[in-house]
Every structure is written in C-alpha cells, then in structure tokens.
Amino acid sequence: MRVEYINPFVEAAFNILTEVLKTEVKRGELYLKSSSMPVLGITAIVGLAGDVEGRVLFDMAENTALEVASAMNGEKIEKNDELTKATITELANMITAQAVTKLHEIGFQFDLTPPAIFTGNNMEVTDVAIEALIVPIQTTFGKIEINVAIREKK
Amino acid sequence: MKTKMDFPNINQRKPEGLREDGKPFRVLIVDDSMFVTKQIGQILTSEGFEIAGTASNGEEGLEKYKELYPKVDLVTMDITMPVMDGVTSLEKIVEFDKNANIIMISALGKQDLVKKSLLLGAKNYIVKPLDRKKVLERVMMTLK
C-alpha cells in the first residue's frame, strides 16, 4: 500500500484529536499487518470506494472511548451508550473528512460510507486481499489505532 | 438584622441568546448525530438561547420548522443526513419562509455543497469540529 494514502489520515487524526481532546497527542511508529489482527474493543469503520477502495478503522479500548467521549461532551460518561457511540462516530467522521479532502486535492476521487461502530471483546479483523497499515496514536486517554487498508482499483 | 449587602454586579453582561426585551432567541437544530445536537444545544443554552426543537433528518427538520413558524429565529442544518439531506431541506424551508435564518453545519471537504447552500439562501456556515467560539460567532453574525 502506498504511504501517500495513509499520511492524510495520520495528519487528520493528529489535528482533530489535538483540537477536540485539548490534550497532548503523539504519533507512534507505523507498522504493516497483512494477516488477521485483534481489535481493541470499540471500532469505527469507514468504507471507501472509487479510484481507490478499502476501509479505515479507528480502534480503541472501551475505557479510552469512554474517556474520549467524556472529553468531547464535557461531562463524565461511564458507559458505552448511544451518546458514546454517536461521539466516536462523529470523531471518525471529522478525521475522515479532513483526510479525504487532502486525498481529493492530490487527485484521488472516491466516496465514503457513513461510519459504523463495532463493539465487543475478542474481535479480529482480516483483510485477505489488502494489506493494512496501522498508526498508533497515543493520547492521555489511551491508544487509538488508525488502521488503513486501501488499494487502487484495477 | 441584615448582615449581607447585595451589590449590583456591574460586570454582568447580557447573554448573547437574549433579545433586547429579555426573551430568548429560539433555535431549531437539524442533525442526525446525537453528539452534535447535544453539543450545539449545550453551547447555545449556556448563552440563554432556547432550543425550540430538534430533528434528525432534513424532512423532519422541514416539518418542525413549519410547525414552529413563526416562533423560530434560527436553524442549524447538518449537510449529510439520511432521508432528506440538509441542502434539500434548506431549499424547502427557504421556499416556505424566504427570511429563514439557516446556518449550515459542514464537515471539511463539502465546499461545493456549502457554496450551493449559500446560493440557495443559507445565511452562514460552520465547518466542524465545532467549538463554542466558532458557533456563537456565526450565530450572532447571522442574527444581527
């Protein structure tokens, strides 16, 4: 997978998380994963289809999601309810929108699906035909992994 | 015996959400995200605005506007929504009330739809992520 696909997502995640969480955000080392890998607990998924196709996951542990939702709502949220899911969905929307704007500017045209949220333990994601690049983003609320699997359409 | 004196608070300012006569401006929030609806609601009510209604898609937004009219001063309208999108809803509200004050709420990258909305009669727009300063600035700009 070309790295130019993932950089806009990393930059957008960094910008949006810094702005909405008002906390220090650090980018970890990018790594490649081609087989199945576990997901952390609460995951927003956005699909892409057009000149490029694939999906982006925003993956975090439940505790991190609750802390992120609390920070974004300005109130303590203690359980993974509808508001938590709506908040994480909105976070995924904002990051994806900023990343996609950059990709459109450099000439890639594609559409997005609305984010869907997956919740649960012992889940894993498998991309048979596309390799995935993962960028861990460290926040004071815990780790958020941006997992991007995109390929050019043949 | 009176032990405490109440001094008038000379630093107190009138909240932005109140008219000259002290009554609140009434706002309709149209957004499919519970998070965004709550966020806009919190920012506006903290400044004295009244949330006259909320709707989770453009069609419901249009119906609510007609129901509330003329007791509605401002609409915040998301662009991407199921059933009826924000641009179509804006168009229909403006058809019904050409003086409607509608602010489009946009994700980044929807410049074309924002431009179209402004041509169709939207008074202003805000690009997400939303924050207190951005929302109040655009709302007051629209109401003045």
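Predicted model: local features only at pLDDT ≥ 70, side-chain atom pairs only at ≥ 80, totals over all residues.
Residues are numbered from 1 along each chain as its sequence is written, chains are lettered from A in the order in which they are written, and side-chain values use heavy atoms, with hydrogens and water left out.

Chain B contains five helices and five strands, where helices (H or I, at least four residues) and strands (E, at least two) are DSSP runs numbered from the N terminus. Its elements follow the order β-α-β-α-β-α-β-α-β-α from the N terminus on. Along the principal axes, the C-alpha atoms of chain B fill a box of roughly 65 × 30 × 25 Å. Of the contacts (heavy atoms within 4.5 Å) in chain B between residues at least 6 apart in sequence, 65% join residues at least 24 apart.

In soluble globular proteins, nonpolar side chains tend to be buried together. A nonpolar core is here a set of buried Ala, Val, Leu, Ile, Met, Phe, Trp, Tyr and Cys residues joined through side-chain atoms within 4.5 Å. The largest such core has 59 residues, and those with the most contacts inside it are Phe9(A), Leu17(A), Ile146(A), Phe49(B) and Val139(B). Helix α1 (residues 3-21) of chain A contributes the largest share of this core, ten residues. A second, separate core of 20 residues includes Leu28(B), Ala55(B), Met77(B) and Val87(B). Beyond its neighbours within four places in sequence, Phe49(B) is in contact with residues including Phe25(B), Leu44(B), Val139(B) and Leu143(B).

The contact between the chains takes 15 residues from chain A and twelve residues from chain B. About 1200 Å² is buried between chain A and chain B, with carbon and sulfur atoms giving 66%; buried area is the accessible area (1.4 Å probe) that two parts lose on being put together, summed over both. On the chain A side, Leu83(A), Glu90(A) and Thr101(A) lose the most area to chain B, together 34% of what that side buries. Two salt bridges cross this interface, each defined by a side-chain nitrogen of Lys or Arg within 4 Å of a carboxyl oxygen of Asp or Glu. The side chains of Glu90(A) and Lys128(B) form a salt bridge at 2.8 Å, N to O. Helices α1, α2 (62-73) and α3 (82-105) of chain A each supply at least two residues of the side that touches chain B, and α3(A) gives the most, with nine residues.

Lys128(B) is also joined to Pro129(B) by a cis peptide bond, with omega about 0°. Pro129(B) is placed in the loop between β5 (124-127) and α5 (132-143) of chain B. Another cis peptide bond links Tyr69(B) and Pro70(B), with omega about 5°; Pro70(B) lies in the loop between α2 (58-68) and β3 (74-78) of chain B.

Positive phi values occur in residues other than glycine. Asn122(A) has phi near 55°, and its relative accessible area of 82% makes this residue exposed. Val83(B) has a positive phi of about 65° and counts as exposed at 66% relative accessibility.

Terms used:
Buried < 20%, exposed > 50% of the residue type's maximum accessible area, 1.4 Å probe, protein only.
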